Amino acid sequence: MTDPQLDAVQAQALDDISAARTLAELEAARVAHTGRRSPLATTLAGIGALPPERRGAVGKAANAVRRAVEAALAARTEELEAEELGAALERDTTDVTLPGDPHPLGALHPITQVRQEMEDILMGLGYRVADGPEVETDWHVFTALNTPEGHPARSPSDTFFIDGRPDRLLRTQTSPVQVREMQRSEPPIYLVAPGPVYRRDDIDATHSPMFHQMEGLAVDEGLTLAHLKGTMLRFFRELLGGEREILLQPHFFPFTEPSVDVQVSYVDKSGRTGWLELAGAGMVDPNVLRYCGIDAERYTGFAFGCGLDRIAMIRFGVPDLRLFFENDLRFLEQFA
Ligand code: DAH
């Protein structure tokens, strides 16, 4: 090949290389201009067959073309790779400066907060948390708790019975958890059982057909009313403030003897002291121990039950119980 021909080969190769718009097009140009069948390769391969005096000049010229073409290929490869990377990045961009989608954070319901606090206090005194069914048998809710047939608490005007199952009802108190736990375990028993209960109460600001109670039960050797009083004092002071006093007033519950109302002191805005009735309690009636298979000669027990919602109302200064159950976020968010 003559010099002008080699110049033309180089010019064509450089044109095709710079005209390539993609790496695939560039590869085609590389094959056409430097591949085994390209004019350049043929020229280089044919050098040996040239007359000796032409070999040096043609070889030099052809090698110069090869270097120029290879340099152009390398440069264009780099350009096209950078372009393709840029395009890919553009396609996949995420604008990290855009504001994210807001993710609302949940929080514990105020009743749950109070329940957990009560559990914590009693667990600190060695109690464990127990649970029982909300659909109960009348034996667990009434009979085993020393509430015989004909007792007014069993009246259908107070209790939700399950249709077609006269012995099944929505528990009206958490006390049946005492029964289930005494049946399945041996003293010493120290348990607390919070949960929902159901009564056909008129709906007004302080009543709802579903509300929450927390039951406590201690069965051990030598327990007396003094232990009950000490426990109640400690419990209400930790929950509502160390300045609280408690007062036990005689009362009646079928499952305790003696039974008391636990009243907790409060000071109103004008500085006057009053008493809030916050729990029912008493020494577990030996009949109940016997119903549950516990040796009533050896063991004594005390029990208490309080309304969780009522305590949450006092705790958070909420005047209407129903607010807790309407699930209006504007109300609930205040306790988040
Ligand atoms: N179960 C009672 C109620 O619903 C509350 C109660 C009173 C529970 C005295 C007790 C107790 O464990 O000893 O009114």
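What is the volume of the largest pocket?

## The largest pocket

In this predicted model, the largest pocket has a volume of about 1000 Å³. Its lining is made up of 41 residues, and those closest to the centre of the pocket are T172, R199, F211, Q213 and F253.

Where does the lining come from? At least two residues each are supplied by β6, β7 (246–253), β8 (256–267), β9, β10 and α10 (308–316). Among the contributors, β9 gives the most, with six residues. Sorted by class, the lining of the largest pocket holds 14 nonpolar, 18 polar and nine charged residues.

## The ligand in its place

Now let us turn to the ligand. The space that the ligand takes up is the largest pocket.

In total, 15 residues surround the ligand, with Q173, S175, R199, Q213 and E215 as the closest. The shell is split by class into five nonpolar, eight polar and two charged residues.

## Contacts and cover

Some individual contacts are worth a look in the structure above. The side chain of R199 places an N or O atom 2.8 Å from an oxygen atom of the ligand. Backbone atoms take part too: an N or O atom of the A303 backbone is 3.2 Å from a ligand oxygen, and for a backbone N or O atom of F304 the distance to an oxygen atom of the ligand is 3.4 Å. On its own the ligand has 350 Å² of accessible area, and the protein covers 90% of that.

Key:
Residues numbered from 1 in each chain as written. Predicted model: local features only at pLDDT ≥ 70, side-chain atom pairs only at ≥ 80, totals over all residues. Heavy atoms only, no water. Near = heavy atom within 4 Å. Polar contact = N/O pair within 3.5 Å; in protein donor to acceptor, adjacent residues only side chain to side chain. Areas by Shrake-Rupley, 256 points an atom, 1.4 Å probe, with all protein chains shown as cover. 1 Å grid on protein atoms, 1.4 Å probe; cavity = no way out; pocket = protein on both sides within 12 Å on 5 of 7 lines; lining within 4 Å. Sits in = over half its atoms within 2 Å of the grid points. Nonpolar A, V, L, I, M, F, W, Y, C, P; charged D, E, K, R; others polar. Points joined across faces, edges and corners; volume = space filled by probe spheres on them. Helix = DSSP H or I, 4+ residues; strand = E, 2+ residues; numbered from the N terminus.
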